[in-house]
Amino acid sequence: MSVPENRTNGTPKIGVYICHCGINIANKVNIKETVDFAAKLPYVTVAKEYKFMCSDPGQELIQQDIRAGLIDRVVVASCSPLMHEATFRNATGEGGANPFMFQMANIREHVSWVTFDKDAATVKAKALIAAAVHRVSLHRPLEQTRVPVHPDVLVVGGGIAGIHASLTLANAGKKVYLVEREPTIGGHMAKFDKTFPTLDCSACILTPKMSAVRAHPNITLWTYSEVVGVEGFVGNFKVKVRRKPRYVDEDLCVGCLECIEACIFKKGKFPDEFNQGLSQRKPIYIPFPQATPLVAVIDPETCAHFKTGKCKKPCADACQPGAVKFDQTEEIKEVAVGSVILATGFKAFDAARVGRYGYGKYPNIYTSLEIERLVNAAGPTGGELKMADGRKPKSVGIVHCVGSRDNNTNAYCSRVCCMYSLKLAHLIKERTEAEVYNFYIDMRTPGKGYEEFYERLLKENVHFIRGRVAEINDWAMIDEEKGHLIIRVEDTLIGRVRRVPVDMVVLSVGLEAQPDADAVRRLFNISCSHEGWFLERHPKLAPVSTFTEGIFLAGACQGPKDIPDCVAQAGAAAAEALALIDKGSVELEPNTAFVNEEVCAGCHTCLNVCPYGAISYIKEINKARVNGALCKGCGTCVAACPSGALQQNLFTDEQIMNEIKGVMNHV
Amino acid sequence: MKYLYYPGCSLKSTGRAYEESMLAVFGALDIPLPELHDWNCCGATAYMAISELKAFALCARNFSLAAEQAKGDPDVSLVVPCAACYLGLNKAYRYMHEHPDLKGTIDKALQSAGLGLADGVRVRHPLDVIVNDIGLDKISSKVTSSLAGMKVACYYGCQIIRPYADFDDQQNPTTMNRIMHALGAKTLDWPLKTRCCGGSLTGTIEDVGTRLSYILLREAKLRGADVIVTACPLCQFNLECYQTTIGRMYHDRVDIPVVYFTQLMGMAMGLDAKALGLQRLISPRPVIKEAVPVQGGQHVGA
Ligand SMILES: Cc1cc2nc3c(=O)[nH]c(=O)nc-3n(C[C@H](O)[C@H](O)[C@H](O)COP(=O)(O)OP(=O)(O)OC[C@H]3O[C@@H](n4cnc5c(N)ncnc54)[C@H](O)[C@@H]3O)c2cc1C
């Protein structure tokens with residue numbers, strides 16, 4: 001890109017277009033006054049208003065005025081640039097001007113939606129328009145560069161969302177790297193016995209997809225791995241993946257379990273993570289029979305060899321293919337991809353945080369995730385639900401909204417708990433014939449077949465008590481309550497406080513963002529909502545995109561959702577990635593830095609701070625020079641340059657100072 | 001840091017034993033705790049319900065006096081043993097910080113009385129000061145008569161931890177338990193430690209109030225407590241003084257000593273029973289018997 005001149009060409013002719021946005025802006029900002037004001041600003045030759053500037057006729061207004069030679073630069077005062085900057089740059093270009101001879105003034109999100117007084121809103125709108133006019137008068141034509149999109153895709157997280165996205169892409173012929181932190185893919189869904197509302201067996205519908213991932217020639221599956229570095233930009237990411245040593249060679253292991261048999265620990269001794277700690281595993285283990293890949297893993301935290309160095313390592317002797325390798329070390333893989341799909345899922349709420357529900361204090365109080373394992377035929381009890389003393393529970397209370405819809409923990413609704421509580425009520429009744437009580441605030445069952453499932457549970461004689469549970473403890477007021485857990489609740493339908501004695505309690509814990517969501521978001525340079533969920537670009541119109549081009553979201557990492565929604569989102573994210581790949585190339589924002597050689601003293605400061613090595617020193621003339629193809633527009637050199645010789649396109653000092661002047665002159 | 005003792009009305013009347021024992025314990029720990037000069041009512045429930053502004057102004061006057069008395073020391077805390085005073089003063093402190101315009105109004109009111117606003121004076125409960133400032137190690141080191149063998153039901157009531165939980169868990173407070181452990185006592189696992197004692201209802205709708213007290217007394221006895229320990233003069237009063245009435249109403253024997261946590265601290269630290277106001281309680285005898293002086297932390301009493 002050529003170094004732009006340091007002054008404008010000719011006298012600017014600026015067109016200002018003020019949008020009503022229906023009544024969104026017009027109701028709070030005095031449009032007429034604002035148009036009159038804009039018309040008197042320096043270099044403004046056209047000032048107009050229109051109901052919807054983003055509509056075709058709105059854009060046409062701009063184009064006509066450019067074609068008629070009335071204007072050569074454009075200011076649109078409407079919504080956030082995130083919404084329509086691209087639209088109006090495009091319109092400016094279509095009209096025949098350079099698309100960057102455009103500036104947007106945000107008088108909706110920054111004014112009419114947040115300023116309640118009409119006069120104050122009008123003053124503020126004027127100031128922002130003045131700022132944009134001052135700024136655009138110094139804009140210069142810029143050229144965008146095109147770069148090709150790398151066709152490979154990185155998927156992070158191998159729950160149902162990551163699995164589905166990977167398969168969709170792979171089936172379309174694209175190469176996928178699927179990175180999963182745990183020793184197996186499957187995520188939460190792999191732990192469930194049945195899934196609502198159809199009660200189909202979770203394993204039956206999930207495991208074929210898991211094996212398909214493993215077998216697919218287009219998918220490189222890296223389990224027990226984490227992304228540790230991301231560089232680059234849309235179409236051209238460089239990703240570093242750390243493969244933790246599992247001390248078992250993935251290519252050699254056949255999943256025969258002989259090593260586990262042979263381990264010096266004759267029985268499991270350490271809490272089994274997959275079973276929520278409800279059973280014990282050995283230091284060498286395979287999380288569950290359908291684990292994918294079906295490869296053993298050694299946990300160095302508990303393995304006698306790693307702890308003491310004195311183990312005879314019978315596991316290694318027992319392994320015929322010789323897959324057990326105690327000298328395995330971590331491996332760093334570097335791959336190039338054009339797009340990324342994040343599908344890192346959720347974490348279940350820690351029930352111990354609500355002290356009054358007695359989790360961890362009384363026996364027979366379980367979280368829903370623990371119950372999922374206990375009612376699972378492949379779970380630690382073979383699907384039998386028993387109390388600590390071995391009896392079958394005669395009554396079970398299911399407490400909804402633990403860590404959801406609660407200002408002390410999470411204010412939001414976790415969306416899936418009403419439905420999975422119904423599912424668990426059904427399964428518990430089926431396994432134990434116990435009386436089952438659901439304590440709910442509101443039953444939320446929107447979804448295909450969901451309300452019908454609720455109806456079905458009502459007919460199965462499950463009890464529904466409407467009220468948030470106050471506390472759960474062992475305090476018996478009368479003899480009949482002795483030896484039971486007492487659930488105290490205000491039944492809001494009969495208007496009384498009730499005490500319901502039960503044998504067992506299920507706490508329906510809500511969904512939370514992963515504890516490391518913030519670190520992951522930083523790694524991929526995206527945003528989080530204040531609850532920690534990854535933030536989509538637009539809640540309605542760009543639900544799987546992020547504010548960083550080329551990075552997409554799928555599944556519960558974006559917010560609580562059930563399996564059907566996760567799968568739909570995963571498909572959408574895959575389609576977005578495919579669209580990007582098929583487009584073949586992307587245009588880059590021309591916000592690169594450049595050197596004003598008249599001022600540059602050749603001091604080298606910028607060379608040392610540039611993270612991309614985009615600046616070189618030209619010895620013959622003693623000046624620095626920016627390579628536009630390498631520059632990412634981070635602005636570090638601009639801030640560091642002691643003489644102000646480094647400037648950045650779209651953000652030159654004079655543009656910014658003039659913009660500020662625009663505000664200051666008119667408030 | 002400087003501590004000033006804010007008594008409030010209860011500690012000068014029904015809660016006399018609380019005052020005596022707390023001052024004795026702080027004395028034995030060598031922590032100076034002078035009384036706030038010329039203190040006035042905390043505003044408690046009555047004022048708060050009728051005019052919040054007046055209630056806050058009353059509280060703020062105490063803050064101004066405290067700042068004046070602590071001249072030169074910017075880090076001054078009011079130590080407030082009564083749960084109602086603690087909540088009232090704490091609320092005023094918070095409201096002043098959250099609502100700057102309220103602060104302005106209060107400042108004007110105080111100026112008319114020749115005082116200035118002092119918004120840096122903190123409000124602390126003695127449980128907080130003992131556990132977090134003085135420390136349990138120091139308490140243990142002062143124990144001369146271990147309470148080993150004594151089974152204590154720690155009762156927190158409501159206002160110390162609700163709505164504000166400044167120094168303890170709102171749902172499962174443990175500061176008092178930890179102090180009791182430091183004295184060698186065993187504490188009871190009971191889920192009623194923050195349940196209502198009846199509060200002022202015992203004085204207005206007696207049967208409702210006493211029922212609430214009964215629930216607490218009965219459960220403490222059922223679970224084998226030797227004594228109930230409180231940190232609030234009204235809780236102590238409700239739980240102790242209605243025992244005969246309750247016994248008659250419910251045909252149940254609920255006699256159990258109810259003491260202040262500072263009294264047990266004093267006993268374990270070997271202080272004189274009279275200095276701890278034990279004679280002011282209705283039936284402290286079983287407790288006094290428990291705390292037989294021991295050597296090496298071994299219990300030799302009944
Ligand atoms: C008790 C309970 C019962 C439920 N029952 C049902 C039901 O019956 N029907 C239904 O439709 N929904 C149900 N749900 C909801 C369901 O669990 C979710 O919709 C679904 O599991 C979300 O899938 P996911 O792939 O987005 O996330 P997850 O299943 O959480 O998978 C995320 C994966 O990403 C991995 N990961 C996380 N961070 C990283 C990282 N930084 N790097 C690499 N990998 C990472 C994780 O290890 C995990 O494998 C239930 C939820 C609960 C809590």
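This is a predicted model: local features need pLDDT of at least 70, side-chain atom pairs count only at pLDDT 80 or more; totals for chains, interfaces and linings use all residues.
User: Why is chain B called as compact as a globular protein of its length?

Analyst: Its secondary structure comes to 14 helices and seven strands. The radius of gyration of chain B is 19 Å, and the globule rule gives 19 Å for 302 residues, so chain B is as compact as a globular protein of that length. The C-alpha trace spans about 60 × 45 × 30 Å along its principal axes.

User: How many of the residues in chain B are buried, and what makes a residue count as such?

Analyst: The cut-off is 20 or more other C-beta atoms within 10 Å of the residue's own. By that test, 50% of the 302 residues in chain B are buried.

User: What makes the crossing of H2(A) and H3(A) right-handed?

Analyst: A crossing is right-handed if the near helix is turned clockwise from the far one by less than a right angle. H2(A) passes H3(A) that way, at an angle of about 35 degrees and with the axes 8 Å apart.

User: Which residues meet there, and of what class are they?

Analyst: From H2(A) come A:Gln59, A:Ile62, A:Gln63, A:Ile66 and A:Arg67, which meet A:Ala91, A:Thr92, A:Glu94 and A:Gly95 of H3(A). By class, this contact has three nonpolar, four polar and two charged residues.

User: How many residues does each chain give to the contact between chain A and chain B?

Analyst: Chain A gives five residues and chain B six. On the chain A side, one is nonpolar, two are polar and two are charged.

Conventions: Residues are numbered from 1 along each chain as its sequence is written. Chains are lettered from A and ligands numbered from 1 in the order in which they are written. Axes are lines fitted to C-alpha atoms, for helices over the stretch in contact, and angles run from 0 to 180 degrees between N-to-C directions. Helices (H or I, at least four residues) and strands (E, at least two) are DSSP runs, numbered from the N terminus. Two residues are in contact if their C-beta atoms, placed from the backbone, lie within 7 Å. Ala, Val, Leu, Ile, Met, Phe, Trp, Tyr, Cys and Pro count as nonpolar, Asp, Glu, Lys and Arg as charged, and the others, Gly among them, as polar. The radius of gyration is taken over C-alpha atoms; the globule rule is 2.2 Å times the number of residues to the power 0.38. A residue is buried if 20 or more other C-beta atoms lie within 10 Å of its own, exposed if 12 or fewer, and partly exposed in between; C-beta atoms are placed from the backbone.
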